[in-house]
Amino acid sequence: MSDYLRSYLTVGIFGLVGVALVGVFLGLGRILRPDHPNLAKNEAYESGVEPTGDMWSQANIRYYVFALLFVMFDVEAVFIFPWAARLEAYEVFGLIEMAIFIFILLLGLIYAWRKGVLKWV
Amino acid sequence: MLAALAAEVGDFVRPPIDWHAAAPELTLLAFGVLLTLMDIVWLERGRKWAPALASIGLLATMVPIITLAVDGADRSMFGGAFVVDKYALIMKAVFILAGYIVVLISSNYISEGDYWENEYYGLLLSSILGMILMASARDLITIFIALELLSIPAYMLATWRKRDLKSNEAGLKYYLMGVFASAILLYGMSLLYGASGTTLLVDLNESISASDSPSAIVVMGIIFVIVGFAFKVSAVPFHTWAPDTYEGAPTPVTAFLSVASKAAGFVALMNMLFVGFIGRDDVYEPMIFALAAVSMTVGNLIALRQTNIVRMLAYSGVAQAGYMLAPLAVASDVPDSALAATVSYLVIYAVMNLGAFAVVIAVARKTRSAEIDDYRGLFHYAPGLTVAMTIFLFALAGIPPLGGWWAKFRIMGAVIEANTVSGVVLGVFVAVNSVIALYYYARIGAKMWADEAPDGDLTPVRVPASLKSALVLTVAATIVFGVLPGLVGDVTKVSLLAGVGG
């Protein structure tokens, strides 16, 4: 076996030990603890607000558009942070490049705005 | 912490940019932005200009491609990650012209169906942008970016008939399979990067072909990469999305997927095989051999039993992908003729398949269906369309003197020239499959010419001008490529091995 694969063996053993540890502790707890369930105890938040409704509630589909727009700016940020750290070296060239990049992304936002996507009807 | 990292990297040197080499991509990008701007400013009033602006954009992109071809010099940027050579220029021209014909056959379909129009052409242009970028990509990351840029708009285009369940199914299946393939591809690429430490295809080849026998990681990497692209070109056993997607998607989009998207998959595959893997032919050649042989046979056999013409064309497309893969299985023995054979097949296939879909769209304007039985008696009320369809079908079957004949001849020439057992076996496969394929192509021909029209309905098909011009262009090209094969032969005398890396 090559060194490369051997180092994956370590990862595998580590994972197995992790799973085994969780199993052992949960199993020990189950054997040792007293078991007297009642209604109040089984609630998700024993001392919190009374839960209402079903757990399968639907989220409004309109949030989806906002999630998409968020992803747009998220990706933008990923590119802007390293660029900003090195802006001095990139000089005017970098500035223009980033301006073009942001312009194209901004076009997407203006498009969404113009099409009335941002309105909460 | 970022500043500390940056200090270690050293001074930033601006990469020299050859604006002429990047001009096709930049032109197309500019027109895509223009299309979006027009939508923002004019909203619905811009609708009728969208197809015009898209086709102007595509034709404008041809200008730098032609000037680059006239100039003739091989150009290379970003350390060899972006290469403009003759092969790249031919493929770019194919994508642009195929895109132009798709715009021609879409314009009436999209506006009469009351679908979103500005967005349709915007997405079409960005998908084509990914394709022309793919033709120049010689680097794992560039290839992946180009692949995603061409795929993601295509997923959306497949669902364009938003309120039609079949179209939703088409898009969803295409999306899920496509993303799955991308994941496999990316995993393969990561393995190759791990084994070689470079993303540049030229360096990758040098690194993985250094030893006599490949390491397990390299084998896995190559297999995963080929599987990823096999989805894109719909080779058996990775073809399962194709028939459902083709049937459900709007027909112009189907034409686009079956021609441009498939060609893009082949371009990527050829870049990988001829530049990145060429020294490891012991790994990829058996795999490509199996894919080619199985794709041809299974595609043709299933096509025999189809009753819907779009599904039939989908399976025929699977078989055609098999033909195009065949020369790649002898890529290391006769690299130049193998590459030229596949490139010429792609060029000719693009023309004849787009033409066949144009006829399907034209006929569906009257019959509202794509069932083969509805083509009965077509000759009695649409003789022009019948002649065109017959030309495309016989071209696809490979009957001289139409274009498809020359394409198949090149394929046969390459596999025989290799003079290896696998090459000769593939030659036999191609020959036998051509005969099987002739049956289902000719069956439609017989229905069109000999049968009576259903219900004796002889109202003629009204073909709008843009669709008509697409038909004229494709018919002319199919015949010219068949009668003057030297034309394609001269153009496609390309080599990926020389001038790479520059």
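Author: Let us begin at the end of a helix. In this predicted model, H7 of chain B is followed by B:Gly197, whose phi is positive, near 75 degrees.

Reader: How should I read a positive phi in a residue other than glycine, and which residues have one?

Author: Most residues other than glycine have a negative phi. Here B:Ser234 has a positive phi, near 50 degrees, and B:Arg368 has one near 55 degrees. B:Ser234 lies in the loop between H9 and H10 of chain B, whereas B:Arg368 belongs to the loop between H14 and helix H15 (378-381) of that chain.

Reader: Is B:Ser234 buried or exposed, and is B:Arg368 buried or exposed?

Author: One counts C-beta neighbours: a residue is buried if 20 or more lie within 10 Å, and exposed if 12 or fewer do. B:Ser234 counts as buried because it has 29 C-beta neighbours inside 10 Å. B:Arg368 has 8 and therefore counts as exposed.

Reader: Where are cis peptide bonds found?

Author: In general, most peptide bonds are trans. A cis bond joins B:Val236 to B:Pro237, with omega about 5 degrees; B:Pro237 is in the loop between helix H9 (216-232) and helix H10 (241-248) of chain B. Another cis bond links B:Pro400 and B:Pro401, also with omega about 5 degrees, and B:Pro401 is in the loop between H16 and helix H17 (403-418) of chain B.

Reader: How many residues are in the largest nonpolar core, and which have the most contacts inside it?

Author: In soluble globular proteins, nonpolar side chains tend to be buried together. The largest nonpolar core in this model has 193 residues, and B:Val94 and B:Met134 have the most contacts inside it. Helix H14 (residues 335-367) of chain B supplies the largest share of this core, 22 residues. Leaving aside residues up to four places away in sequence, B:Val94 touches B:Ala263, B:Leu346, B:Val347 and B:Ala350.

Reader: How do H14 and H16 of chain B cross?

Author: Two helices may be described by their axes, their handedness and the residues that meet. The axes of H14(B) and helix H16 (residues 383-397) of chain B come within 9 Å and cross at roughly 145 degrees. The crossing is left-handed. Among the residues that meet are B:Gly355 and B:Val359 in H14(B) and B:Leu385 and B:Phe392 in H16(B). The residues of this contact comprise twelve nonpolar, one polar and no charged.

Reader: Finally, how many residues does each chain give to the contact between chain A and chain B?

Author: Eleven residues come from chain B and eleven from chain A. On the side of chain B that touches chain A, H2(B) gives the most, with four residues. The residues of that side divide into seven nonpolar, one polar and three charged.

How values were computed. Residues are numbered from 1 along each chain as its sequence is written. Chains are lettered from A and ligands numbered from 1 in the order in which they are written. This is a predicted model: local features need pLDDT of at least 70, side-chain atom pairs count only at pLDDT 80 or more; totals for chains, interfaces and linings use all residues. Two residues are in contact if their C-beta atoms, placed from the backbone, lie within 7 Å. Ala, Val, Leu, Ile, Met, Phe, Trp, Tyr, Cys and Pro count as nonpolar, Asp, Glu, Lys and Arg as charged, and the others, Gly among them, as polar. A nonpolar core is a set of buried Ala, Val, Leu, Ile, Met, Phe, Trp, Tyr and Cys residues joined through C-beta atoms within 7 Å. Axes are lines fitted to C-alpha atoms, for helices over the stretch in contact, and angles run from 0 to 180 degrees between N-to-C directions. A crossing is left-handed if the near helix is turned anticlockwise from the far one by less than a right angle, and right-handed if clockwise.
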